[in-house]
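Thank you all for coming.

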Amino acid sequence: MDAAIDIRPTFNPLNFIAASCPVRAHVDGLGPFRLAWNRPLRIPVPAGDHMAVVWSSYLLFRHLGVAHALVHLEPGQVVGLSWEMPLTAISSSSMAAIPVGRPFGLAVPDLGPLPPSPGNRVVWPPHPVEPLTDVAADAPAGQWAPDPTGRFPHRWWDGARWTDAVSDGATTSSDPI
């Protein structure tokens, strides 16, 4: 993956219940990824057009505050997105491009339902992009993690990028990204 999207979920301090709500995202149907409040998470993607979708859930609301961002990335670029939890279950949420900063870590797919498809969308550049930087120094290095492409149960993360090494838990093989 030669580009990335950093997503940072936020909430209004008046909405103290939000801190206990799980927040998830997916990019082009890949994921979902569990996000941590106020901590940017880096999702590696190939260069090109991408749609990021972020939502939360609370009680009976499985897809609360669904928001979409359409981005275009060239090789070596990263865009930062900030999603804000709605104040109420009937409020809308928003997502905006922000300065990238240092990511908290790399996205690892999580289990959870995906929101309904937003349908066909047009990508509207320009939006602010920055050069792709390394993940924070405390990011895990050299480990098997869920395959972000979804093609295999596990893919090797070498500490800087996803490699071609994949595993089904019993055997390993090679699968170019």
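Let me begin with Val23, whose bridge partner in S5 is Ser56. On the S3 side, the bridge partner of Val23 is Leu35. Before I go further, a word on the source: this is a predicted model, in which local features need pLDDT of at least 70 and side-chain atom pairs count only at pLDDT 80 or more, while totals for chains, interfaces and linings use all residues. Residues are numbered from 1 along each chain as its sequence is written, and side-chain values use heavy atoms, with hydrogens and water left out.

When I say strand, I mean a DSSP run of E with at least two residues, and a helix would be a run of H or I with at least four residues, both numbered from the N terminus. Two strands count as paired if DSSP finds at least two bridges between them.

The pairings around Val23 belong to an open sheet of four strands, in the order S3-S2-S5-S6, with antiparallel pairing. Strand S3, residues 30-35, and strand S6, residues 61-73, stand at the edges with a single partner strand each, so one side of each is left without a neighbour in the sheet. Strand S2, residues 23-27, pairs with S3 over four bridges in the antiparallel sense, five bridges join S2 to S5, and nine bridges join S5 to S6. Within that last pairing, Gly48 stands opposite Leu73 in S6, and in the hairpin of S5 and S6, which has two residues between the strands, Leu59 takes a positive phi near 50 degrees.

How much of S5 is buried? Taking buried as under 20% relative accessible area, exposed as over 50% and partly exposed as in between, with a 1.4 Å probe and protein chains only, nine of the 11 residues of S5 are buried. For the protein as a whole, 41% of the 177 residues count as buried.

That brings me to the interior. A nonpolar core here is a set of buried Ala, Val, Leu, Ile, Met, Phe, Trp, Tyr and Cys residues joined through side-chain atoms within 4.5 Å. The largest such core has 26 residues, and those with the most contacts inside it are Ile5, Ile7, Val54, Leu81 and Trp83. The largest share of this core, five residues, comes from S6.

Let me finish with the aromatic residues, where rings of Phe, Tyr and Trp (its six-membered ring) pair if their centres lie within 6.5 Å, with planes under 30 degrees apart called stacked, over 60 edge-to-face and the rest tilted. A search of the whole structure finds two aromatic pairs. The rings of Phe11 and Trp37 have their centres 5.1 Å apart and their planes at 90 degrees, so this pair is edge-to-face. Phe11 lies in the loop between S1 and S2 and Trp37 in the loop between S3 and S4, so the pair ties together parts that are 26 residues apart in sequence. Phe11 is partly exposed at 22% relative accessibility, whereas Trp37 is buried at 16%. Together with Trp83, Phe11 and Trp37 form one aromatic cluster.
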